[in-house]
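The sequence and structure are shown first.

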Amino acid sequence: MWWNSFSSTIGRMFAGYKEMELPDHVNAMMDALDVAIVDETLGGDSADKERALAAYRRRTEEVRAAIAPERRLIFDVTEGWAPRKLGVRL
């Protein structure tokens, strides 16, 4: 599910933004995001499904290891958008 969403949105943008006529400030922002997301997080190729999925899973585990269970909220898109009771006071 994550790969389908990523590859049809963010991944698609990274694959083609350099050929687009974008304002200089947008190009600069995309270049910075390209380095942070594609190079540093995904290992340099936003179209490599297996590498991207491995990076996604690795990051998910890093977050789970760093954040106590009672402090994290994991959203599963298959649950829909309707609010649900979490048993946590805000």
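A nonpolar core is taken here as a set of buried Ala, Val, Leu, Ile, Met, Phe, Trp, Tyr and Cys residues joined through side-chain atoms within 4.5 Å. The model examined is a predicted one.

By that criterion, W3, F6, L42, A52, L53 and A55 make up the largest nonpolar core, which has 6 residues. Helices α1 (2–8) and α4 each give two or more residues to this core, and α4 supplies the largest share, 3 residues. Beyond its neighbours within four places in sequence, F6 is in contact with G11, R12, L42 and S46. A second, separate core of 5 residues includes Y17, V26, M30 and V38.

The whole structure contains 5 aromatic pairs. A pair of aromatic rings is described by the distance of the centres and the angle of the planes. Two of these pairs are tabulated below.

| Pair | Centre distance | Plane angle | Class |
|---|---|---|---|
| W2 and W3 | 6.4 Å | 50° | tilted |
| W3 and F6 | 5.9 Å | 40° | tilted |

W3 and F6 both lie in helix α1, 3 residues apart, about one turn of the helix. W3 is buried at 12% relative accessible area, as is F6 at 6%, whereas W2 is partly exposed at 26%. Ring pairs join W2, W3, F6 and Y56 into a cluster.

On the surface, M1, F75, V77 and W81 form a nonpolar patch with about 550 Å² of accessible area together. W81 lies in the segment after α4 (49–66). Because its relative accessible area is 77%, W81 counts as exposed, the threshold being over 50%.

Technical notes. Residues numbered from 1 in each chain as written. Predicted model: local features only at pLDDT ≥ 70, side-chain atom pairs only at ≥ 80, totals over all residues. Heavy atoms only, no water. Patch = residues over 30% accessible without salt bridge, like charges linked within 9 Å, V, L, I, M, F, W, Y side chains within 5 Å. Areas by Shrake-Rupley, 256 points an atom, 1.4 Å probe, with all protein chains shown as cover. Salt bridge = Lys/Arg side-chain N within 4 Å of Asp/Glu carboxyl O. Helix = DSSP H or I, 4+ residues; strand = E, 2+ residues; numbered from the N terminus. Buried < 20%, exposed > 50% of the residue type's maximum accessible area, 1.4 Å probe, protein only. Contact = heavy atoms within 4.5 Å. Phe/Tyr/Trp six-rings, centres within 6.5 Å; stacked < 30°, edge-to-face > 60°.
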